[in-house]
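Subject: Structure handover

Hello,

Here is the structure I promised to pass on. Please open it alongside this note, which says what turned up.

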Amino acid sequence: TQLRFWKERFANAPTPKAPRTDKPRRAGMSGQGGSDWIRVDGELTERLREVGHRHDVTLNMLTLGVYILMMSSIVESRSIVIATPVRGREEPDLEPVMGFFNNVLPLSFQIDKALAFGEFMHYVKSELVAIMGNQQIPFERLVSEPEFAARAQGVGLYQALFSFQDARERPKTIGGLADRQIHLAPSGATDDLGIWLMDKAGGIEGAVVYNADIYLGETGAAFKDRYMELLRRVADTPDETLEAITSAEHSPSATYLKRLAAAEAGPETAGSAQEAARAGQKQALLLPEQARLAQIWASALGIDVNEISANESFFDLGGDSLLAMRVIQQAEQVMGFRVEPRRYVFETLGQLAVAAAGTAIDLQEQQPAVADGSGKRGLLGRMFSGWGRKA
C-alpha cells in the first residue's frame, strides 16, 4: 500500500531540474565537502517559533518551508524535491530501542509564489503529514522500482537534503557523568547540497554542507547567507506573499547564486581533443562483457560510457551504495549473472566482468543471509555485512 502511495505521488510529478553549479560534474567524484555553520540566536528562534504557532506548524516544518523556498529560487523551478531523514520509530514501544531505524524520504513540492506564507505553510504541513504516514518503504527500494530508476538516472530523486532535530530535552548527564556537545565540520559530503539544523536551548545551530567538487567555498557561504536572510524575512514579515519574501532585490547572496554557471555550461565540459582520444582508447580496450557492464554503469551514473576503463571501480567513477545495488540488479537481469555486493567496493570493472565467464560468487551457498532476497535486511546490511569475516 505504501509503495503504491509513492508511485502515485510521483507518477505525474514534473521532471526535476538540477541546481546550478560552479563546476561541471565529472566522473570520479572525490567525496570532499565543505560546510558553513548556521547559528540562529535565541531571540530570532523564538520569533520563528511564534510564527509557526500562528500557522499551526512546528519549527521543523517552518524551517523546512523556508528551505524549500530558497531551493526553488536557486533551481529556478516551481517544482522541487527535498529529501529528509526520518527516525523510523512510529510506535511508542520503539522509542527506547537501540538500533538504526532511519530512512530517507523524498518530499515533492509545487511552489506558487502568489500564495501568502501562511497558506504555503499549511500546504507544507499537509504534505508532510501524508508522507510521514508512508515512511516504511526503504529509500533503496524506491530507487530500484522502474518508475523511480529512470528519474534517478538524471538529476536524481531529490535536489537537496534537509535534516532537523529537536535537541532541547536531551539529558545533560548520564548517571554521574556530564556531557558537552562539540560540533565537528564534516570533511565529506554525501549529497550535492544539504542543511542540518538542531533546535537547542539557546537557539538553532547547524550547517550548510555542500559537494566541494561542484561548488566553491564562496557559494557555500552564499547558500548560508541566503537561508539566514529568508529566515529573518519570515520573522519580520510573516504575512507577505512568497514572491515578496523570496525577492532578490537588495540581496547580495541571491544575486551571487543567480550568477552560478549551469552544470552543462563552461569550457571544461566540452573537453579537449586529447581527452576525447583517451576516452576512445579506453572504450576500444574493453572486452565484450566489460563493455556491457560499463554501459549499465554509465546509465546509472549519468556519464558517457567512453569515460569508463577496465581498471576503474564503480565508486571511483562517482557511484555510491544505493547505485551499486541498482546496477547489481540490472546486471543480473541483462547479463544473467550476479556478484557479491561487497566486491563493488574493492574490484574494478574488469574484475567484476569476469563473473560473466562463470566465476560469480554463489551467494546462496556462501552468504544465505545476504542473498536470500527476502528484503529483511537493509541495503547497508546487504552491502557491507560480513566485512569482519572476510579479508
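**Helix α12 against helix α13**

In α12, Glu289, Arg292, Leu293, Ile296, Trp297, Ala300 and Leu301 meet Leu323, Arg326, Val327, Gln330, Ala331, Val334 and Met335 of α13. Contact means heavy atoms within 4.5 Å. The residues of this contact divide into ten nonpolar, one polar and three charged. Ala, Val, Leu, Ile, Met, Phe, Trp, Tyr, Cys and Pro count as nonpolar; Asp, Glu, Lys and Arg count as charged; the others, Gly among them, count as polar.

A word on the source. This is a predicted model, where local features need pLDDT of at least 70 and side-chain atom pairs count only at pLDDT 80 or more, while totals for chains, interfaces and linings use all residues. Residues are numbered from 1 along each chain as its sequence is written, and side-chain values use heavy atoms, with hydrogens and water left out.

Helix α12 covers residues 288–301 and helix α13 covers residues 321–335. Helices (H or I, at least four residues) and strands (E, at least two) are DSSP runs, numbered from the N terminus. The two helices pack at an angle of about 140°, with their axes 10 Å apart. Axes are lines fitted to C-alpha atoms, for helices over the stretch in contact, and angles run from 0 to 180 degrees between N-to-C directions. α12 and α13 are therefore oblique to each other. Angles under 35 degrees count as roughly parallel, over 145 as roughly antiparallel, 65 to 115 as roughly perpendicular and the rest as oblique.

**Helix α3 against helix α4**

Helix α3 (residues 59–75) and helix α4 (residues 117–132) cross at roughly 110°, and their axes come within 10 Å. That makes α3 roughly perpendicular to α4. From α3, the contact uses Met61, Leu62, Leu64, Gly65, Val66, Ile68 and Leu69; from α4, Phe117, Phe120, Met121, Val124, Lys125 and Leu128. By class, eleven are nonpolar, one is polar and one is charged.

The whole structure holds one cavity of 30 Å³ or more. On a 1 Å grid over the protein atoms alone, a cavity is a set of points where a 1.4 Å probe fits but cannot get out, and a pocket is an open set with protein on both sides within 12 Å along at least five of seven lines; lining residues have an atom within 4 Å of a point. The largest cavity contains about 40 Å³ of space. Its lining includes Ala13, Pro14, Arg151 and Gln159. β2 gives the most to this lining, with three residues.

The second largest pocket has a volume of about 670 Å³. It is lined by 23 residues, and Asn60, Pro85, Val86, Arg87 and Phe164 lie nearest its centre. β4 gives the most to this pocket's lining, with five residues.

Best wishes

Terms used
Grid points are joined across faces, edges and corners, and a volume is the space filled by probe spheres set on the points.
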